[in-house]
Amino acid sequence: MTRTDRWLSATAMAFLMGSAAAHAEDSSDPIIFATNNWSSQVVMSNVIGQIFETMGDNVEYVSADAQANYEAIRLGDLTVQVEVWEGTHATSFEEALAKGGLVDAGAHDAVTREDWWFPEWSKEACPGLPDWEALNACAAAFATPETGDKGRFLGGPVDWLKHDAERVEALGMDFVVVNAGSASALWAELSAAERDKRPIVMFNWTPNFAEAVWPGEFIEFPEWVDGCKDDPAVGPNPDATWDCGNPPNGYLKKAAWEGMKDKWPAAFAVLEQASFTNPQIAEMAKLVDVDEMEPEDAATAWLEANQDVWQPWVQ
């Protein structure tokens, strides 16, 4: 009996058994989920993986680099990625998609934003926020011993490839980019800054549990325009790329190995239907980052509390 079987109610089990014939065609080989270094992605992988298990599929989870995993999926070494963020992954995802072997398995209902962000108390040190030029004028208020007289921007892990250093250079900002080692390191620094209301500007994203815990705002950079990342003529600096903010209404997609739809057709059909909203994804992250649950237990708890959301996908 799997972990998921233990919590399914008799009603849910009957619901699933009613479509057992449709699931029999899936291969017994494991469906391999790429798991990355932020909580909602790991929990969502387990949520969808546990749904697959109720259908009789075998599932494995493999920790993977958030950029390189698209090439691994394209080659069939991994099977599924459940969170493709436009602001972070568009380049590596779309390059792999163009090569063939990787398929776009559809978008979530969630709308994403990923950018520089500050908690509300930082406005006390820099009243002109969220304007980026006001932030730059206040750079000294965000300085630390490691950055000297320049402001410190706390970025996400290096493998998230946010191009913050390129933006600082393109816009002539008096900031130094310091990358955190993990998402949990970001929250630890933010919690420490909250204790003495120390001004901080850092990488953040939505959907995310943090927006409910620490009210704040995204920095408003020059507006994102297609071409900003690769055409110097686009954006305010004619000699540089990355001289704009990130897309304010980015997609959140799912990706899969092209062979999945033939090898695990029932699971692939569910993957295409699976879609989560901003609040649902924020709740998944909260179960780990605030409630301190293990990702697999958080997934089980989420599934149990939200059967009306996912059960229609397996009909």
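User: What does "buried" mean here, in numbers?
Analyst: Buried means under 20% relative accessible area, exposed means over 50%, and partly exposed lies in between (1.4 Å probe, protein chains only). At 2% relative accessibility, Cys 244 therefore counts as buried. This is a predicted model, in which local features need pLDDT of at least 70, side-chain atom pairs count only at pLDDT 80 or more, and totals for chains, interfaces and linings use all residues. Residues are numbered from 1 along each chain as its sequence is written, and side-chain values use heavy atoms, with hydrogens and water left out.

User: Which residue is joined to Cys 244 by a disulfide?
Analyst: Cys 228 is joined to Cys 244, with an S to S distance of 2.0 Å; a disulfide is a pair of cysteine sulfur atoms within 2.5 Å. The torsion about this S-S bond is about -120°, so the disulfide is left-handed. Cys 228 is buried too, at a relative accessible area of 1%.

User: How many disulfides are there by this rule?
Analyst: The count is two. The other pair is Cys 126 and Cys 138, with sulfur atoms 2.4 Å apart. Here the torsion is about 90°, so the disulfide is right-handed. Cys 126 and Cys 138 are both buried.

User: New topic: is Glu 166 buried or partly exposed?
Analyst: Glu 166 is partly exposed, with a relative accessible area of 34%.

User: And what is Glu 166 in contact with, leaving aside neighbours within four places in sequence?
Analyst: Glu 166 is in contact with Thr 241 and Trp 242, where contact means heavy atoms within 4.5 Å.
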